[in-house]
Amino acid sequence: MLGEAGSDNIQGEAQKKLDVIANEILIQANEWGGHLAGMASEEVDTVQAIPREFPKGGYLLLFDPLDGSSNIDVNVSVGTIFSVLRCPDGCAEPTEADFLQPGSAQVAAGYAVYGPSTQLILTVGEGVHGFTLDREMGSFVYTHPFMTVPADTQEYAINSSNARFWEAPIKRYVGEMQEGKHGPRGKDFNMRWVASMVADVHRILTRGGVFMYPIDEKCRDRGGKLRLMYEANPMALLIEQAGGAASTGRERILDVVPTKLHQRVPVILGSRNEVERAAAYHRE
Ligand code: AHG
Ligand code: MN
Ligand code: MN
């Protein structure tokens, strides 16, 4: 299961074998249940229809089947991210247009993180709830009711190898944190970057922090690095439901009206006061 699949996805990224397998597992597990009108995956070019032989329902499921692909071969935590939308009225054969709803319209969102334990983190719009897989029972146990993100933090996450490509507000925001106790923030910060968004967001839901994948000169043409529908929206709903904030730097992520399925956006999310500070620097 390790290694390259030898193919590229719609976004021009090399697919790992596990990306392809995870995508097939998710489609097969969800196509027959009768709840869905259609699906969309980071790994599939167009809308994934429900086969004719199965009953259909009123919901649309969107997913990043395997988040953190670069961590597979090195045995670091990866995950699965998902988002659920209502299919607009009369949506028998959903088209791409039916999926293009802002993140604020999500009825549920969550992720599974495959780390030292497997956890499923879920919101249906009434807080964030965590479940841990008990392998012997073969089921998830409700271990983390009402997960919250503290408003303040001393920990941030960003791929700083991109620093020279960042815009001025992010250079200033990260620079001030790096100046520590003797800089304008008057305190020292710690840094973590797993390179699996699921694992970085899970840490923030566990102990706070701010996660950033801002727009930079390298990804400007694509609109950002992370995908709005499969990554940014579900994580933004979870973080807001836990009391945090999620912004592109210029607007609330959940307010972004998508124009295409595989759209990308800049992402700044986590502890509310830090996200607000980064957004304020963008306005100045
Ligand atoms: P994916 O594996 O689904 O393509 O997503 C990877 C994403 C995200 O999980 C992570 O935060 C980021 O890309 C890592 O980017 P760098 O390789 O630039 O660190
Ligand atoms: Mn991903
Ligand atoms: Mn992926």
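Predicted model: local features only at pLDDT ≥ 70, side-chain atom pairs only at ≥ 80, totals over all residues.
For tryptophan 193, the corresponding distance to an oxygen atom of the ligand is 2.9 Å, and for a polar side-chain atom of glutamate 231 the distance is 3.3 Å. A polar contact here is a pair of N or O atoms within 3.5 Å. The protein covers 85% of the 480 Å² of accessible area that ligand 1 has on its own (Shrake-Rupley method, 1.4 Å probe).

## Surrounding shell

Ligand 1 is surrounded by 17 residues, the closest being Asp67, Gly68, Ser69, Met197 and Tyr213; a residue counts as near if one of its heavy atoms lies within 4 Å. By class, the shell holds 7 nonpolar, 4 polar and 6 charged residues, with Gly counted as polar.

Strand 5 gives the largest share of the shell, 3 residues; strands are DSSP runs (E) of at least two residues, numbered from the N terminus.

## Position between domains

Because domain 1 (4–144) and domain 2 (155–283) both contribute residues to the shell, ligand 1 lies between them; the bounds come from an automatic or database domain assignment.

## Basis

Residues are numbered from 1 along each chain as its sequence is written, and chains are lettered from A and ligands numbered from 1 in the order written. Local features need pLDDT of at least 70, side-chain atom pairs count only at pLDDT 80 or more, and totals for chains, interfaces and linings use all residues, while side-chain values use heavy atoms, without hydrogens and water.

Terms used. Polar contact = N/O pair within 3.5 Å; in protein donor to acceptor, adjacent residues only side chain to side chain. Helix = DSSP H or I, 4+ residues; strand = E, 2+ residues; numbered from the N terminus.
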